[in-house]
Amino acid sequence: MPQIASSTSTAREGTLKGVLQRFPFVPALVILVALLALNGLFEPRSLSFGSLTGLVSTYLALMLLAVAQTYVVFAGDIDLSVGSIISLVNVVIIVLMDKWGGSGLTVIAACLIGVLTGLACGIVNGIMIAGLRLQAIVATFATSIFFTGLALYVLPVAGTPAPEAYWETYGETYFGIPFVFYIVAAVAIVLGLLARMRLTTQMLAVGDDAMAAFQSGLPVTLIRIKGYMLCGLFSALAALCLTGDTASGDPLVGGKMTLYSVAAVVLGGSALSGGAGTVTGSLVGALIIGLINSLVFFVGTPSEWQNLVQGLAILLALMAGILVSRGARS
Amino acid sequence: MSTETAVSAIKTPSRAIEFLKRPLVVAIILIAVLLAFGEALSPGFASPTQILRLLIVASVMGIVAAGQNLVILGGREGIDLSVGGIVSLAAIVAGNVMNGADGGILPAVLASIAVGALIGLFNGLGITLLRIPPLVMTLGMLGVLQGLLVVIRNGMPSGQAAPALASFVTQPFLLGLPGIIWLWIAIGLFMAFLLKRTVFGYRIYAIGSNEQTAYMAGVPVKTIRVGLFMLSGAFAAVAGFCLLGYSGSSFANVGEQYMLPSIIAVVLGGTPLAGGKGDYTGTMAGAVLLVVLQSILTTIHIDESGRQMVFGTTLLVLMLFYGRGRAMRG
């Protein structure tokens with residue numbers, strides 16, 4: 001497996017293969033554009049500014065969660081607890097805002113504590129998997145049970161609403177631009193900086209061949225823990241966006257999103273075995289899932305068939321994405 | 001000569017300790033400790049009728065884990081996330097085919113196993129021919145199956161278990177034990193025979209520990225891997241069939257609760273997710289251990305939140321006993 005990546009640099013520039021190697025998310029981008037076109041074909045209004053804003057504000061949480069998952073996948077790990085981290089952060093900020101009255105400053109304080117909660121979850125996962133060397137799939141499943149328990153302790157039943165100031169800001173438009181696009185811009189800047197940091201290269205090196213990374217002097221354990229910390233951090237940010245969209249607290253809200261986040265990462269052209277991938281791809285992957293869902297609706301699929309058609313479409317997209325990106329890598 | 005004995009002396013400090021470190025032994029000791037603990041907490045917990053009830057629940061979990069065990073043993077990140085969907089689907093298919101009549105049991109068994117094996121065939125073909133990673137393929141398949149379940153539930157009655165099936169699962173059948181426990185024992189013997197006495201079994205370990213050498217030695221790697229996923233689907237279907245007998249009628253996503261726990265049972269039974277070593281006897285003990293643990297937590301009078309936190313923490317502690325990766329040394 002290690003020799004897969006070493007052949008990467010030998011491809012000629014300019015060829016289609018070269019482009020795919022430098023930008024592994026291109027196939028996903030093609031699928032995204034095709035889906036946008038199909039959406040526009042079946043429902044012209046779906047390409048309006050308002051509809052696209054709606055799409056982004058609904059799927060921003062999944063996009064951030066896909067980013068979170070990407071950082072652990074870079075290092076060859078996986079995190080099946082991201083959905084429960086979302087739930088936990090969601091109820092933590094809802095309960096805090098409810099207790100503190102929901103004015104501007106307390107909302108910010110609650111969000112900060114929410115982000116720290118996500119970070120703490122990431123540290124726990126990192127110590128369990130990189131530090132104590134448990135197997136990532138089963139260990140993060142166990143921590144997800146624990147985090148869900150914590151979420152149920154904080155808020156036993158769903159329903160507490162978010163203060164108006166919170167969800168109104170999320171849905172507000174400032175200077176003609178919806179608030180969610182400011183978040184997108186801020187996230188893009190942060191991701192751009194992260195992509196330039198040494199940590200990203202180090203995580204990819206660990207995912208490509210952990211032993212080789214270790215022997216060349218990289219602190220493998222620490223790097224993997226940092227991957228899980230980033231994962232917890234972005235899961236918390238995803239929770240903040242989700243709360244802006246749903247405007248209420250629910251201790252089980254994130255459960256279904258874990259597997260979607262993995263699917264988004266794969267759709268985006270990252271290898272689950274680690275060592276190859278881009279965050280941009282995962283963002284596109286999350287949008288693909290959103291667009292498939294809306295397309296299935298616009299085509300006029302009967303409601304009971306929608307889940308099946310969505311499932312089939314996502315499976316096909318996953319297969320196509322893997323075949324294309326592997327063609328590029330080998 | 002003298003160095004050889006010195007080396008082996010270092011490697012095996014003492015036979016007793018080696019014996020105590022075997023996963024099966026660890027699991028059995030833990031089961032005994034948990035049963036004693038449960039009995040102390042609430043007298044009657046470890047009574048014969050109660051233990052029998054635990055074993056019935058464990059046998060369904062154990063049958064799902066049998067297929068999961070095979071897929072994991074076969075290596076190359078083998079895992080089957082679609083088992084949850086197959087269990088639910090098989091229960092619905094079986095319920096509709098037999099429709100409450102004893103005469104329909106045999107066709108129902110055949111139909112549900114055929115459905116499970118067919119889904120396993122799709123999984124296996126995607127994984128071997130298209131070389132989709134098992135996690136992605138079975139995750140996509142899970143999405144398809146969940147959609148299919150929505151369609152079926154809308155168009156079909158849920159179906160009824162035949163009286164003979166219900167009594168097979170819940171009532172004493174032979175020597176005071178219900179039929180399902182005999183079935184589980186039979187599956188345990190079948191798995192032991194398959195893994196230790198057949199060419200197919202040896203080949204599973206061969207492709208699980210080193211696919212490349214197995215291939216060069218003439219093992220039909222792809223055929224075997226497809227076979228493993230078909231067996232996994234078939235075992236999940238048998239479990240769904242038994243679950244129908246346990247609950248009387250099939251409903252919604254009964255199978256989802258078996259998806260990740262079946263993997264945990266395999267890991268607690270001493271089969272690492274990397275595959276290539278381990279056996280089903282350990283997995284059986286792992287399934288019982290998991291069910292006893294869950295049962296103790298329902299006996300203790302704590303909130304759902306506390307229960308989940310204790311469950312998650314206990315799983316993590318159990319995993320520290322076994323299933324840890326090797327440390328990196330330069």
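In counting charges here, Lys and Arg are taken as positive and Asp and Glu as negative, while His and the chain ends are left out. Keep that in mind as we walk through this structure, which is a predicted model. Chain A carries 13 positive and 13 negative side chains, with 16 Å between the centres of the two sets.

Let us look at chain A as a whole. Its fold contains 15 helices and two strands. How does its radius of gyration fit what a compact globule would have? A compact globule of 330 residues would have a value near 20 Å, and chain A has 20 Å, so the two agree. If you trace its C-alpha atoms along the principal axes, the span is about 60 × 50 × 40 Å. Of the 330 residues in this chain, 54% are buried. Now consider contacts in chain A between residues at least 6 apart in sequence: 78% of them join residues at least 24 apart.

Now turn to chain B. Here too you can find 15 helices and two strands. The radius of gyration of chain B is 21 Å, which agrees with the value near 20 Å that a compact globule of 330 residues would have. Its C-alpha atoms fill a box of roughly 70 × 55 × 40 Å along the principal axes. Buried residues make up 51% of the 330 in chain B. Among its contacts between residues at least 6 apart in sequence, 74% link residues at least 24 apart. Chain B exposes about 14400 Å², with 68% supplied by carbon and sulfur atoms.

How many disulfides are found over all chains? The search of the whole structure gives zero. Cys231(A) shows the reasoning for one residue. A disulfide needs two cysteine sulfur atoms within 2.5 Å. The closest cysteine sulfur to that of Cys231(A) belongs to Cys121(A) and is 10 Å away, so it is too far for a bond. Cys231(A) counts as buried because its relative accessibility is 0%. In the other chain, Cys242(B) also counts as buried, with a relative accessibility of 2%.

Next come two residues with an interesting backbone angle. Most residues other than glycine have a negative phi. Phe175(A) is not a glycine, yet its phi is positive, at about 50 degrees. You can find Phe175(A) in the loop between β1 (173-174) and β2 (177-178) of chain A. Is Phe175(A) buried or exposed? With a relative accessible area of 82%, Phe175(A) is exposed. In chain B, Arg131(B) has a positive phi near 55 degrees, and this residue is not glycine either. Arg131(B) sits in the loop between α6 (105-128) and α7 (134-155). Its relative accessibility is 46%, so Arg131(B) counts as partly exposed.

Arg15(B) belongs to helix α2, which covers residues 15-20. The relative accessible area of Arg15(B) is 79%, so this residue is exposed. Between Arg15(B) and Gly75(B) there are 60 residues in sequence and 29 Å in space, from C-alpha to C-alpha.

Phe37(B) is in helix α3, residues 23-41. At 45% relative accessibility, Phe37(B) counts as partly exposed. Follow the chain from Phe37(B) to Ile296(B) and you find them 259 residues apart, although their C-alpha atoms are separated by 8.5 Å.

Leu318(B) lies in helix α15, residues 304-321. This leucine counts as buried because its relative accessibility is 6%, a value below the 20% cut-off for buried residues. Which residues does Leu318(B) contact, leaving aside neighbours within four places in sequence? They are Leu30(B), Leu268(B), Leu289(B) and Leu293(B). The C-alpha atoms of Leu318(B) and Gly62(B) are separated by 18 Å, and the two residues are 256 apart along the chain.

How values were computed:
Residues are numbered from 1 along each chain as its sequence is written. Chains are lettered from A and ligands numbered from 1 in the order in which they are written. This is a predicted model: local features need pLDDT of at least 70, side-chain atom pairs count only at pLDDT 80 or more; totals for chains, interfaces and linings use all residues. Side-chain values use heavy atoms; hydrogens and water are left out. Helices (H or I, at least four residues) and strands (E, at least two) are DSSP runs, numbered from the N terminus. The radius of gyration is taken over C-alpha atoms; the globule rule is 2.2 Å times the number of residues to the power 0.38. Buried means under 20% relative accessible area, exposed over 50%, partly exposed in between (1.4 Å probe, protein chains only). Contact means heavy atoms within 4.5 Å. The place of a charge is taken as NZ of Lys, CZ of Arg, CG of Asp or CD of Glu. Accessible areas come from the Shrake-Rupley method with a 1.4 Å probe; for residues, only the protein chains shown count as cover.
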